[in-house]
Amino acid sequence: MRTQTVISRESTPSVAVFGASGHTGRFVVTELLRRGFRPIPIGRDAARLAGFQARGINSRTANIDDPSSLDQALAGADAVINCAGPFLDTAEPLVAAALRARVHYLDVTAEQSSAVATFERFPTPARDAKIVVVPAMGFYGGFGYLLATAAMCNWPSADEIRIAIALNCWQPTQGTRLTGQRNTATRLVLRGGKLVPIGNPPASSWAFPEPFGLQDMKELPLTETILIGRHLRVSNLQTCINLAPLRDLHNPATPPPQAADATGRSAQRFLVDVIVRNGASTSHVFAQGRDIYAFTAPLVVEAVQRILNGAAQGVGVRTPGELFDAPDFLRSLAPEHITFEIEAGL
Ligand SMILES: NC(=O)c1ccc[n+]([C@@H]2O[C@H](COP(=O)([O-])OP(=O)(O)OC[C@H]3O[C@@H](n4cnc5c(N)ncnc54)[C@H](OP(=O)(O)O)[C@@H]3O)[C@@H](O)[C@H]2O)c1
């Protein structure tokens, strides 16, 4: 049986990062180093990992179609973070490898069908192996879900959750573009307490605080819908995003993210507004920050740190809100990565 690792001077936990040569993977490796972990960058192409070797970080190559290469790459790790998308191609073989190696697994998928498959396929083997498997710990997915969980204010159930995301722009990575092309599954929404196909939702608008103000919105359910559907008792969920970043995303001429400072973060701003209604009571959570790709790194690394410190509740395939106290988790990211406010239910 694997024992839980506590960070101390005597033992530095090792966290493997699959897809480490990608834009998000590089932020995750840097965040692991910053927090005192020993990262093990893994990729399929040794040449794309050369930058880590040059920084004195030993990397490993592995192919998602070759289980023995995955086993060798995960040897000696305490956890693995999967940053290689499309996750429809990588999540299942990497969770299977994490189970064989008995190491915790986290990913940052925004692909609903990838997260659903992980929840359906692996709960018993993950429980038996006494590991924690957390799909969708990225900006799209885990973040909106944690904000919604915090906004529930310990209510046992709610009538409605509305998550509104505003971005000033979206310069997508190649991985985001490929994932969008690969993921052709009909999106699911939560209506009447059940996951159902999205249909044709009407256009809407949302009054954000400045600098965004009133924005035209489109419903865009991603993995937060899967996480919320599994954990929170809510009848209806609507997740929407403003139209400007979607125009960027759908424009093939939009460049990839451009670094705006020495950390590599872009100038992209995000604002997420969550309203939960429970009968006549409503509560409101509001968070803002910078660069959805860079911000995914402290999100997923905070989660792995809590798991390795023994601060997570339970084992098996879990949503972040089952494992962690959502308000405490979000507060730990402020003020460095987000500003965050809760107006508790009135
Ligand atoms: N949920 C969220 O909010 C969130 C946030 C950030 C990223 N993501 C997702 O994370 C994924 C990566 O994004 P990114 O921004 O890092 O993109 P990226 O810069 O294009 O990097 C993609 C990475 O995935 C690797 N990869 C892709 N398919 C692979 C496969 N079949 N086997 C092994 N490695 C594979 C690539 O390896 P090579 O270098 O060898 O090509 C590369 O390292 C995307 O799916 C993106 O949508 C989600």
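**Entry 1. The second largest pocket**

I began with the second largest pocket, which lies between domain 1 (14–138 + 297–323) and domain 2 (139–292 + 331–343) because both give residues to its lining. The domain bounds come from an automatic or database domain assignment. I note that this is a predicted model, in which local features need pLDDT of at least 70 and side-chain atom pairs count only at pLDDT 80 or more, while totals for chains, interfaces and linings use all residues. Residues are numbered from 1 along each chain as its sequence is written, and side-chain values use heavy atoms, with hydrogens and water left out.

I looked up the volume of the second largest pocket and found about 320 Å³. A pocket here is an open set of points on a 1 Å grid over the protein atoms alone, where a 1.4 Å probe fits, with protein on both sides within 12 Å along at least five of seven lines; lining residues have an atom within 4 Å of a point. The volume is the space filled by probe spheres set on the points, which are joined across faces, edges and corners.

I found 13 lining residues, with Glu31, Arg34, Thr263, Arg265 and His337 nearest the pocket centre. The lining comprises five nonpolar, three polar and five charged residues. In this scheme Ala, Val, Leu, Ile, Met, Phe, Trp, Tyr, Cys and Pro are nonpolar, Asp, Glu, Lys and Arg are charged, and the others, Gly among them, are polar. Helix H1 (23–34) and helix H11 (292–308) each supply at least two residues of this lining. Helices (H or I, at least four residues) and strands (E, at least two) are DSSP runs, numbered from the N terminus.

**Entry 2. The two domains**

I then checked the separation of the domains: the centres of domain 1 and domain 2, taken over C-alpha atoms, are 23 Å apart. Their contact takes 29 residues from domain 1 and 33 residues from domain 2, where contact means heavy atoms within 4.5 Å.

**Entry 3. The mixed sheet**

I traced an open sheet of seven strands with mixed pairing, in the order S10-S11-S12-S7-S13-S14-S16. Two strands pair if DSSP finds at least two bridges between them. Strand S10 (204–207) and strand S16 (338–343) each have a single partner strand, so one side of each is left without a neighbour in the sheet. The twist averages 25 degrees from one strand to the next.

Strand S14 (residues 281–290) runs antiparallel to S16, with six bridges between them; Gln288 has Thr339 of S16 as its bridge partner. Helix H9 (residues 223–231) packs on the sheet, where it touches strand S7 (158–167) and strand S12 (234–242), and its direction makes about 165 degrees with that of S12. Helix H10 (residues 243–250) also packs on the sheet, touching S7, strand S11 (214–219) and S12, at about 65 degrees to the direction of S12. Axes are lines fitted to C-alpha atoms, for helices over the stretch in contact, and angles run from 0 to 180 degrees between N-to-C directions.

I recorded seven bridges between S7 and S12, which run parallel, and Arg162 stands opposite Gln238 in S12.

**Entry 4. The parallel sheet and a hairpin**

I traced an open sheet of seven strands with parallel pairing, in the order S3-S2-S1-S4-S5-S6-S15. Strand S3 (60–61) and strand S15 (316–317) are its edge strands, each pairing on one side only.

Lastly, I looked at the hairpin of S8 and S9, in which two residues lie between the strands and Gly192 takes a positive phi near 60 degrees.
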